Amino acid sequence: MGTETETVGLAEEEFNEELLFGDIDIATTADVEVPPGLIDQVIGQEHAVEVIRKAAIQRRHVMMIGTPGTGKSMLAKAMTELLPKEEMQDILVYPNSDDNNNPLVRTVPAGRGKEIVAAHKMESRKRAQMRNMLMLMLVFGIIGYALISGMLLMGIIAVAFIFLAFRTMMPRDDVMVPKLLVSTSPDSKAPFIDGTGSHAGALLGDVRHDPFQSGGLETPSHDRVEAGAIHRSHKGVLFIDEINTLTPHSQQNLLTALQEGEFPITGQSERSSGAMVRTEPVPCRFVMIAAGNLDAMQGMHPALRSRIRGYGYEVFMQDTIDDSPANREKFIRFIAQEVKNDGKIPPFDRSAITEVIREARRRSNRKGHLTLKLRDLGGLVRVAGDIARGEGSEVTSLPHVLAAKETARSVEDQISDEYIRRSRDYDLTIISGTAVGKVNGLAVMGSDSGSVLPIVAEVTPAQGASGTVIATGLLKEIAQESIKNVSAILKKFTGKDIRNIDIHVQFIGTYQGVEGDSASVSVATAVISAIEGIPVRQDVAMTGSLSVRGDVLPVGGVTYKIEAAAKAGIKKVFIPRSNAGDVLVEDRYREMIEIIPVSHIEEILEQALVPANRAGFLAKLKKLAEHAMIPPNQPITTEPGVV
């Protein structure tokens with residue numbers, strides 16, 4: 001094992017305007033043509049676009065699973081533009097003279113519904129006018145007779161009786177007027193209804209409660225019927241994001257609506273007077289686009305998912321795309337789209353475009369890729385445009401984007417900065433000197449910010465029949481399993497029987513919990529330091545997953561972790577060699593920190609630990625490295641042990 005270390009001094013691939021634009025001859029995004037169709041504005045989701053095109057032609061259902069902000073709702077809206085032209089329909093609800101609690105449902109061509117309701121209302125007004133005229137004639141006749149005969153009191157009583165008779169015995173004309181449940185126009189496009197987060201009544205339809213249920217004051221049952229999202233999306237698209245948040249009851253009814261193409265409306269509250277009302281089946285032949293994160297499939301009704309798979313498509317949304325000239329050109333068009341769609345910000349010049357695409361590289365967290373979390377990136381575009389407009393600039397340039405990156409920081413990034421400041425004030429994070437059993441690990445908060453994660457280890461004699469590894473700090477499942485893997489490295493390096501000791505590992509300040517295995521190398525270094533009594537340099541930090549053989553495996557968010565270490569004042573950081581190409585830190589941190597990629601745990605131990613007998617320590621590391629090289633076809637035996 002050599003002692004020379006490879007340093008990544010943030011030596012990125014050159015990224016400048018010439019490399020980015022190539023043969024693209026534009027001055028600002030105003031020179032970029034934006035396609036009129038939504039489906040052509042989708043960036044980086046070629047497979048999903050192809051599926052949506054096919055599904056629209058065949059009217060198939062689609063489920064899209066992926067990270068938020070990757071274009072799921074945009075694709076759903078685009079589908080309405082692709083659906084085959086159909087004759088739209090109006091849906092009317094009529095009173096049922098045989099059963100008041102079972103209103104009748106009729107469909108008519110688009111636009112006819114308003115005409116029918118208007119005609120019924122006109123007829124109702126005519127009948128009401130005739131009845132009122134008759135009543136007035138009777139009233140005047142009775143009053144006149146009472147005045148002539150001198151029986152005024154009897155005349156008043158007779159008028160009151162006639163008024164009550166007309167009020168209670170004559171049928172109400174408005175009762176027979178149908179209600180226009182769903183209204184469309186002949187030239188209207190297929191409807192797009194977003195049913196995300198809808199409660200049962202808003203999704204499936206409902207019947208309003210009637211406080212006056214008798215005495216001639218009640219509202220007719222058919223007039224209390226309200227259409228749900230499934231009915232308003234008839235012959236169009238129903239989009240439901242985070243579909244797993246719907247109740248099982250709503251998902252089951254949604255499945256019925258998909259199967260039958262019609263669904264009756266009834267009161268969704270069992271205590272409401274509307275619970276007794278149930279219409280005839282109401283048409284709801286819609287194309288459903290369900291969306292969600294990866295966990296959406298766990299809370300989704302299995303029969304509903306089976307229906308989509310059997311009669312439609314499932315699509316996984318990509319969150320990154322190759323950083324190629326063709327895809328960079330698409331990103332330039334994306335920026336132009338955001339500027340045009342916003343309508344209030346100035347166009348971006350070449351320097352601003354370059355910085356936005358560079359930020360897309362940073363946020364991808366993968367070498368040679370650009371992020372497809374375009375909603376967040378669109379927020380950066382709008383903030384930069386707002387800053388430029390506030391300054392009265394005709395174009396958005398590089399300084400505006402740099403200012404926007406500082407202004408539009410996520411809450412997690414702001415919390416991380418505050419935590420770093422406080423941890424320094426109270427000596428929770430130490431960046432100088434050495435300490436036994438204490439290591440500065442690194443973690444990610446949210447999706448775009450890092451934090452320093454102090455880890456402390458201590459070794460005590462075993463209190464039970466065998467030793468254990470005790471880890472505290474709200475560790476979740478994967479983090480707990482990564483702690484167990486460390487025991488193999490401890491046995492190999494120290495040569496000690498860990499059954500006779502208890503190993504305590506504490507993650508400091510992890511009030512929100514710890515998930516993932518990226519702190520494995522930090523835990524191993526801290527525990528080895530505690531067992532051997534060798535101090536650890538406090539001006540270094542490290543991140544990486546650790547295999548049971550000591551290999552340092554890649555992790556996510558290395559760029560944000562490095563920046564967090566730099567902000568904390570740490571001078572050197574160890575990262576997995578596999579992640580070396582993912583590093584793309586901000587310019588202001590380039591000279592603040594040294595980045596060292598490593599492949600095996602002994603490379604970290606050699607530089608992070610400060611032993612009194614360095615020669616003997618290096619010999620032990622060499623032995624550890626030799627044990628890691630297992631000859632081909634050599635049997636591997638497992639050693640039982642309690643961790």
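Predicted model: local features only at pLDDT ≥ 70, side-chain atom pairs only at ≥ 80, totals over all residues.

Residues are numbered from 1 along each chain as its sequence is written, and side-chain values use heavy atoms, with hydrogens and water left out.

**Stop one: α11 and α12**

Select residues 350–364 for helix α11 and residues 374–390 for helix α12. Helices (H or I, at least four residues) and strands (E, at least two) are DSSP runs, numbered from the N terminus. α11 and α12 pack at an angle of about 150°, with their axes 11 Å apart. Here axes are lines fitted to C-alpha atoms, for helices over the stretch in contact, and angles run from 0 to 180 degrees between N-to-C directions. Show V356, E359, A360 and R363 on α11, then D376, L377, L380 and V381 on α12, and you have the contact (heavy atoms within 4.5 Å). By class, that contact divides into 5 nonpolar, no polar and 3 charged residues. Ala, Val, Leu, Ile, Met, Phe, Trp, Tyr, Cys and Pro count as nonpolar, Asp, Glu, Lys and Arg as charged, and the others, Gly among them, as polar.

**Stop two: α12 and α13**

α12 brings L380, V383, A384, I387 and A388 to the contact, and α13 brings H400, V401, A403, A404, K405 and T407. The classes come to 8 nonpolar, 2 polar and 1 charged.

**Stop three: the cavity**

Which residues line the largest cavity? Select V469, I483, V486, S487, L490, I503, V505, V523 and V527 to see them. On a 1 Å grid over the protein atoms alone, a cavity is a set of points where a 1.4 Å probe fits but cannot get out, and lining residues have an atom within 4 Å of a point. The volume is about 40 Å³, taken as the space filled by probe spheres set on the points, which are joined across faces, edges and corners. α15 (477–494), β19 (501–507) and α16 (520–532) each give two or more residues to the lining, and α15 gives the most, with 4. The lining has 8 nonpolar residues, 1 polar and no charged.

**Stop four: α16 and α18**

Look for V521, A524, T525 and I528 of α16 against I601, I604 and L605 of α18.

Key. 1 Å grid on protein atoms, 1.4 Å probe; cavity = no way out; pocket = protein on both sides within 12 Å on 5 of 7 lines; lining within 4 Å.
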